[in-house]
Amino acid sequence: MTTKMKLHNAKAVLEKMYGPLTFADMIASLREAEEWSQADMAKLLGVTKSHIAHMEAGKPISPKTAARYAQILGHSE
């Protein structure tokens, strides 16, 4: 089984258990995994704490902005 196949299967299992992973969930999970407060993440991204809270609440951001944030945080776009 390839790594891609394993990841696909893991994603399917997790989505079956918890529903689809949203951008808001991903941002919150990343922040919590790094043990950053919303203020910490806001400082890293050069935004306000309320912007982080809005993203975590599901307020959409543009793909361009998401890609810039990923780059700043050292993740793939």
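**Notebook: fold and two side chains**

I began with contacts, meaning heavy atoms within 4.5 Å. Residues 24 or more positions apart account for 39% of the chain's contacts with a separation of 6 or more.

I noted the provenance next. This is a predicted model, where local features need pLDDT of at least 70, side-chain atom pairs count only at pLDDT 80 or more, and totals for chains, interfaces and linings use all residues. Numbering runs from 1 along each chain as its sequence is written, and side-chain values use heavy atoms, without hydrogens and water.

I looked up the secondary structure, taken as DSSP runs (helices: H or I, at least four residues; strands: E, at least two) numbered from the N terminus. I found five helices and zero strands. The pattern along the sequence is α-α-α-α-α.

I checked the surface by the Shrake-Rupley method with a 1.4 Å probe. The chain exposes about 5,800 Å², and carbon and sulfur atoms supply 59% of that. Of the 77 residues, 23% are buried (under 20% relative accessible area, 1.4 Å probe, protein chains only).

I then turned to R31, in helix 2 (residues 23-33). Is R31 buried or exposed? R31 is buried, because its relative accessible area is 12%. Beyond four places in sequence, R31 contacts W36, S37, Q38, M41, I52 and E56.

I followed that list to E56, in helix 4 (residues 49-56). With neighbours within four places left out, E56 touches A24, I27, A28, R31 and Q38. The E56 and Q38 side chains make a polar contact at 2.9 Å (N or O atoms within 3.5 Å, one able to donate a hydrogen and the other to accept it).

Methods
Buried means under 20% relative accessible area, exposed over 50%, partly exposed in between (1.4 Å probe, protein chains only).
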